[in-house]
Amino acid sequence: MPGKDAIEQLAARLTALGEQHAGVHWASIGWILPHLHDPDGHEIRFYTHQHHTGLDPGAVTTINDPRESAGRREQLATRPSLRNEMT
């Protein structure tokens with residue numbers, strides 16, 4: 001993917017189509033959209049070519065586990081009562 005805007009648009013389109021994914025995450029070089037599956041069940045990941053810019057060297061950078069995020073999304077989709085507990 002060329003950049004963050006493009007990968008976020010792809011994630012939004014996949015969500016609109018009902019496709020499960022882990023959302024867009026900060027990766028060590030750019031952004032990643034993981035935890036997608038093709039019709040044969042193979043995991044697919046999209047990465048950006050765009051590098052991070054403007055990171056604050058004095059700030060803490062947090063990288064979330066995409067599989068954990070996907071699990072939370074799936075739980076929320078199947079059990080709406082968890083929304084209040086997880087926010």
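This is a predicted model: local features need pLDDT of at least 70, side-chain atom pairs count only at pLDDT 80 or more; totals for chains, interfaces and linings use all residues.
Tutor: Residues are numbered from 1 along each chain as its sequence is written, and side-chain values use heavy atoms, with hydrogens and water left out.

Student: How many helices and strands does the protein have, and what makes a stretch a helix or a strand?

Tutor: The protein has three helices and three strands, in the pattern α-β-β-β-α-α along the sequence. Each element is a DSSP run, numbered from the N terminus: a helix is H or I with at least four residues, and a strand is E with at least two.

Student: What makes β1 and β2 a pair of strands?

Tutor: Two strands pair if DSSP finds at least two bridges between them. His25 stands opposite Ile32 in β2, while Trp26 has Trp31 as its bridge partner.

Student: How do you know that β2 and β3 pair, and in which direction do they run?

Tutor: Four bridges join β2 to β3, which covers residues 43-47, and the two strands run antiparallel. Because the criterion is at least two bridges, β2 and β3 pair. Leu33 has Phe46 as its bridge partner in β3, and Leu36 stands opposite Ile44. This hairpin has five residues between its strands, and Gly41 in the turn has a positive phi of about 90°.

Student: Why are β1 and β3 called edge strands?

Tutor: The open sheet has three strands in the order β1-β2-β3, with antiparallel pairing. Strands β1 and β3 each pair on one side only, and they are the edge strands.

Student: What makes β2 mostly covered, and how is His35 classified?

Tutor: Five of the seven residues of β2 are buried. His35 lies in this strand but is partly exposed, because its relative accessible area is 22%. Phi of His35 is near 65°, a positive value in a residue other than glycine. Most residues other than glycine have a negative phi.

Student: Which residues form the largest nonpolar core, and what makes a set of residues such a core?

Tutor: A nonpolar core is a set of buried Ala, Val, Leu, Ile, Met, Phe, Trp, Tyr and Cys residues joined through side-chain atoms within 4.5 Å. The largest has six residues: Ile7, Ala11, Leu14, Trp31, Leu33 and Leu36. Helix α1 (4-16) and strand β2 (31-37) each supply at least two residues of this core. In soluble globular proteins, nonpolar side chains tend to be buried together.

Student: Which residues does Val24 touch, and what counts as a contact?

Tutor: Contact means heavy atoms within 4.5 Å. Not counting residues up to four places away in sequence, Val24 touches Ile7, Glu8, Ala11, Trp31, Ile32 and Leu33. With the same exclusion, Leu14 touches Glu19, His21, Leu33 and Leu36.

Student: Why is the approach of His21 to Thr15 called a polar contact?

Tutor: A polar contact is a pair of N or O atoms within 3.5 Å; within protein, one must be able to donate a hydrogen and the other to accept it, and residues adjacent in sequence count only if both atoms are side-chain atoms. The side chains of His21 and Thr15 are joined at 2.7 Å, and so the distance lies within the 3.5 Å limit. The His21 side chain also reaches the backbone oxygen of Ala11 at 3.2 Å. His21 is itself buried, because its relative accessible area is 3%. For His25, a polar atom of the side chain lies 2.7 Å from the backbone oxygen of Ala22.

Notes: Buried means under 20% relative accessible area, exposed over 50%, partly exposed in between (1.4 Å probe, protein chains only).
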